[in-house]
Amino acid sequence: MTYTSTAIGYPYIGEDREWKKTLEAFWRNELSEEDILKTLKDIRIARMDKQLSLGLDIITVGDFTYYDRMLDTAVMFGLVPKRFDWQGGKVDLQTYYGVARGNNNAVASEMTKWFNTNYHYIVPEYEGQALQLTENKILADFLEAKEVFGITAKPTIIGPYTFCKLTKGYDKISQVTFILALLPLYAQVIQELVDAGAQWIQLEEPSLVTTLDEAEVKLVQEIYTQLTAAVPKAKIMLQTYFESLSAYEALTALPVQGIGLDFVHGYDKNMEALRQFGFPQDKVLAAGVINGRDIWRANLAEVSTTVKAIEQLSGAKEIWIQSSCSLQHVPITTALETKLDPVLKNALAFADEKLVEISEITKYVQEKNHATNKTISESMKAIEALKKHPVRNNKAIQNAVQSVVPEDFERQKDFKSRQTIQQEALQLPLFPTTTIGSFPQSDEVKRTRSAWRKKQLSDEVYATFVEEETKRWIGIQEELDIDVLVHGEFERTDMVEYFGEKLTGFAFTEKAWVVSYGSRGVKPPIIYGDVAWETPMTVKETAYAQNLTNRYVKGMLTGPVTILNWSFVRDDLSRKDVTYQIALALRKEVEALEAAGIAIIQVDEPALREGLPLRKENWGEYLDWTVKAFKLSTASVKDETQIHTHMCYCEFNDFIEPISALDADVISIETSRSHGELISSLQNNPYEKGIGLGVYDIHSPRVPSEEEMLTIMQDSLQVLTKNQFWVNPDCGLKTRKEPETVAALAHMVAAAKTLRQQV
Ligand code: GLN
Ligand code: ZN
């Protein structure tokens, strides 16, 4: 029996975000092309060195990128959108970053979520162009590892099925042309690796864990039959992650030499499949047993039991022990954190600590008497200590979650009755105008906040500054004649951190960055204890703004599901229970706002949709508790109090029902970019509650004309009644500059006024 330790992939952002800084310096023209290549090479080598020193048997190459790995794969095959006017041959850095970020002549390619993670990749565009192998960068990385460290690394490539599936621009007919053109290029990349001495080659196929119909399974079979026939000498590890493998029996029979399965997120179903169908005896089984998505130290005793069970059920002769997916989704190392509660810190494992776990577990199952016995008991002690931590033992909150009853989720009256009551109480005009919450976070706002955080400014000076900025913007909104105002969110850095710092149970790191897209990183908070409301979080700022004006000022909160989905979450409680704790805390805040005289309260849920499970059959369960959590946070208000919510992008088609189930009186959503789609989905599924359609895109500095916005509104009125219709931008305005914001809002208000005349 052979055990091998490896990882599917490792973060590239750099301990001190040096990768990000290098890219951005190049974009600002502060680095020459030669410099960026040299610095990136240094980063790449340092991270290989690190992985080797942490004891992995096989390390992976090809998981490093200059921006995004889907984009790398696309340009490797010459899939550069025509608008970039690329002439063939090696794709230069200017073109590469052009596709990623847009340039003066052409807009960037679209970006979208990588499966159910918070990472976003560049969507490849197929426009019927002739495909070609522009450069085998994976081979270059493989040779680099050989030259620098004398090792035979495992090259990784995004597999052909997943790559095709995520490329846009073809229909069923051209899909075949596309795949037929693509496969020989994949074969060439793989053959060159084999010729250079590569042993195992990892093909990442996360699409194989989504729901696959019969035709799709057939397509996968054809792809792999053709591809492997073209490269008979290659040893291919077909790597899946994020869920259990679909069509297990058919797909484990593919003509590859190894199959990688996720035994964390797909544990139940993959184990069940092993039990039921066994495992092909001629293949290596790569077992993802260390969670690549969370930040918690693993219970190594449990993991070794899992490995033993996998070994027994599969009868595999060789098992790879690895993370459940690439470690790119977790920060690099806990060693850099100096301020965390030691009990918490000791129970954390980021990428480096996870690599140590992988190598220790491998040694442990290999030879039972290894010194890792100690590591195993240490992991259990660390987990036990966190479990006993007072922050995890707030009985009052735990009981409150257990005592939730069905009535707690429901408003007193139904929507129709509330609508009449609210209209009477609020007396808003037809097509009320409003914004989503934030106003521009100018350099001055950011500078002042950061000085205050560094204790260079007193609390009073900072509070006065925030008040002045709020007052100025209340004035601007009145001047613009907006109907429902906002305070502007000048006191907030971020939608989750602001609340997390005021609730119990949250911890914040110093360096725990993960890439969200391109060079952009996020530093998610850690929910490690029971979440409880201690003091009002938003009442002071909101009430201050309300007292400045006779118009209504909306209270502004981040919803429970968004707080959950944008944090690293404790794993000793169900996600549902954690979300209910957050919801109960927000419920208190909602009540405090109402008691302070705030008549309209918005609870944002931009991340509700992104938490949807990968398989549609699991959506119902997720939507059940997430919708309930939202209702729990909002339902206790009086009928007169108007509850709003906001979601950014919303593929509306399959989502109208859950949105309606939130029972929010008004929802504001993005529409300006997906306008036609929204109209047609509303045609088929009438929506009855208040709805604010984003009439302009806030992601661009462009100021759309009044006519442009008016057209969107008029079209929307074909599928919505005039009494439910609100007018607002697509999302918050914090990233915009003041002049364009004021100009665009002026057009928006004018368009609403014109529309009132027309109906
Ligand atoms: N209220 C938030 C804002 O305006 C909402 C942001 C979001 O949806 N992402 O900034
Ligand atoms: Zn938004």
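Me: Which residue stands opposite Ile 601 in E18?

Reply: Strands of a sheet pair through backbone hydrogen bonds, either parallel or antiparallel. Here, Gly 555 is the residue opposite Ile 601 in E18, and Met 556 faces Gln 602 of that strand. Helices (H or I, at least four residues) and strands (E, at least two) are DSSP runs numbered from the N terminus. This is a predicted model, in which local features need pLDDT of at least 70 and side-chain atom pairs count only at pLDDT 80 or more, while totals for chains, interfaces and linings use all residues. Residues are numbered from 1 along each chain as its sequence is written, with chains lettered from A and ligands numbered from 1 in the order in which they are written.

Me: With which strands does E18 pair, and in what sense?

Reply: Two strands count as paired if DSSP finds at least two bridges between them. Strand E16 (residues 552–558) is joined to E18 by five bridges in the parallel sense. Strand E19 (residues 642–647) also runs parallel to E18, again over five bridges, and His 644 is the bridge partner of Gln 602 there.

Me: What is the order of the strands in the open sheet?

Reply: The seven strands follow the order E11-E16-E18-E19-E20-E21-E22, with parallel pairing. E11 (484–485) and E22 (725–728) are at the edges with a single partner strand each, so one side of each has no neighbour in the sheet.

Me: Is E18 largely enclosed or left open by the rest of the structure?

Reply: A residue is buried if 20 or more other C-beta atoms lie within 10 Å of its own, exposed if 12 or fewer, and partly exposed in between, with C-beta atoms placed from the backbone. Five of the five residues of E18 (residues 600–604) are buried, so the strand is largely enclosed. Ile 600, Gln 602 and Asp 604 cover one face, and Ile 601 and Val 603 the other.

Me: Which residue does UniProt list for "active site", and where is it found?

Reply: UniProt positions follow the numbering used here, feature names are shortened, and annotations may be inferred rather than shown by experiment. The unreviewed UniProt entry lists His 699. His 699 is in the loop between strand E21 (690–694) and helix H26 (706–716). With 14 other C-beta atoms within 10 Å, His 699 is partly exposed.
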